[in-house]
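Please open the model in a viewer and keep the selection tool at hand.

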Amino acid sequence: MRFFHFHTPEQVPLSGIPECAVVIDVLRATTTIATALAAGAEAVQVFAHLQQLQEVSQAWPAPKRLLAGERGGKTVVGFDLGNSPLDYTPERVQDKRIFMSTTNGTRSLQRVEGIPVVITAALVNLGAVVDFLKAGAFEEVWLVGSGWEGAFALEDTVCAGAILHRLGCQTHLEQLGNDEALAALALYHTWQGALLELVRRSSHGQRLLGLGPENETDLAYCADVDRLAVVPRQLQPGILASAS
């Protein structure tokens with residue numbers, strides 16, 4: 001396998017299609033998607049725009065749908081859920097379809113939706129994602145960070161580095177297709193023993209803490225490696241369900 005890392009969806013090449021893309025948004029979309037599916041949600045359907053989400057969701061039976069919207073770290077007014085993974089409990093989401101739009105993560109998913117295999121990764125489902133990639137033995141994999149409004153996000157890159165480390169790339173540097181992948185691996189090696197501290201120090205971590213001290217619990221959850229065994233996989237453009 002050969003791996004390329006892109007810090008944001010804007011950096012993803014317009015030409016060339018790999019066999020697999022892994023979308024990462026540790027704070028918090030891909031953490032929340034994995035949590036929702038692990039809690040029994042039927043699927044998560046993602047949208048870049050809130051208006052499209054509201055229009056499409058109306059075709060789904062009301063008792064079986066939940067609207068999840070986040071902008072700037074806050075829940076969209078009138079929506080059932082925001083982007084805190086702690087709100088996605090089995091009691092709330094079991095057998096429901098989650099119609100989701102977030103500031104960054106859902107844009108990344110739309111950017112790569114035409115790639116044959118699309119999955120999402122976070123620290124909470126790191127091991128499951130690594131096992132999936134090993135089993136797939138894809139020739140080329142793109143690790144796509146979501147960033148923050150087009151800018152680099154530390155926590156997404158450290159997650160990409162953790163994936164590369166678990167796949168043994170530190171002893172097979174020829175598998176790294178660009179400098180961003182090498183930098184991600186180096187970042188993880190520096191911070192692997194203090195991931196929660198890195199998440200707290202990141203600009204988005206600081207942004208969430210600034211919105212309220214209750215988000216400290218979210219940060220701890222998002223930094224909890226291997227908490228979940230689920231791999232969210234795109235079934236059709238924009239719709240993710242558990243691959244396991």
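C159 is buried, at 0% relative accessibility (buried means under 20% relative accessible area, exposed over 50%, partly exposed in between, with a 1.4 Å probe and protein chains only).

Proceed to C169, whose sulfur is 13 Å from the closest cysteine sulfur, that of C20, too far for a bond. C169 is likewise buried, with 0% relative accessibility.

This is a predicted model, in which local features need pLDDT of at least 70 and side-chain atom pairs count only at pLDDT 80 or more, while totals for chains, interfaces and linings use all residues. Residues are numbered from 1 along each chain as its sequence is written, and side-chain values use heavy atoms, with hydrogens and water left out.

Next, select N125, in the loop between strand 7 (117–121) and helix 5 (126–136); helices (H or I, at least four residues) and strands (E, at least two) are DSSP runs, numbered from the N terminus. N125 is buried, with a relative accessible area of 0%. Its side chain reaches the backbone nitrogen of A122 at 2.8 Å. Leaving aside residues up to four places away in sequence, N125 touches A34, T120, L228, V230, V231 and P232, where contact means heavy atoms within 4.5 Å.

Conventions. A polar contact is a pair of N or O atoms within 3.5 Å; within protein, one must be able to donate a hydrogen and the other to accept it, and residues adjacent in sequence count only if both atoms are side-chain atoms. A disulfide is a pair of cysteine sulfur atoms within 2.5 Å.
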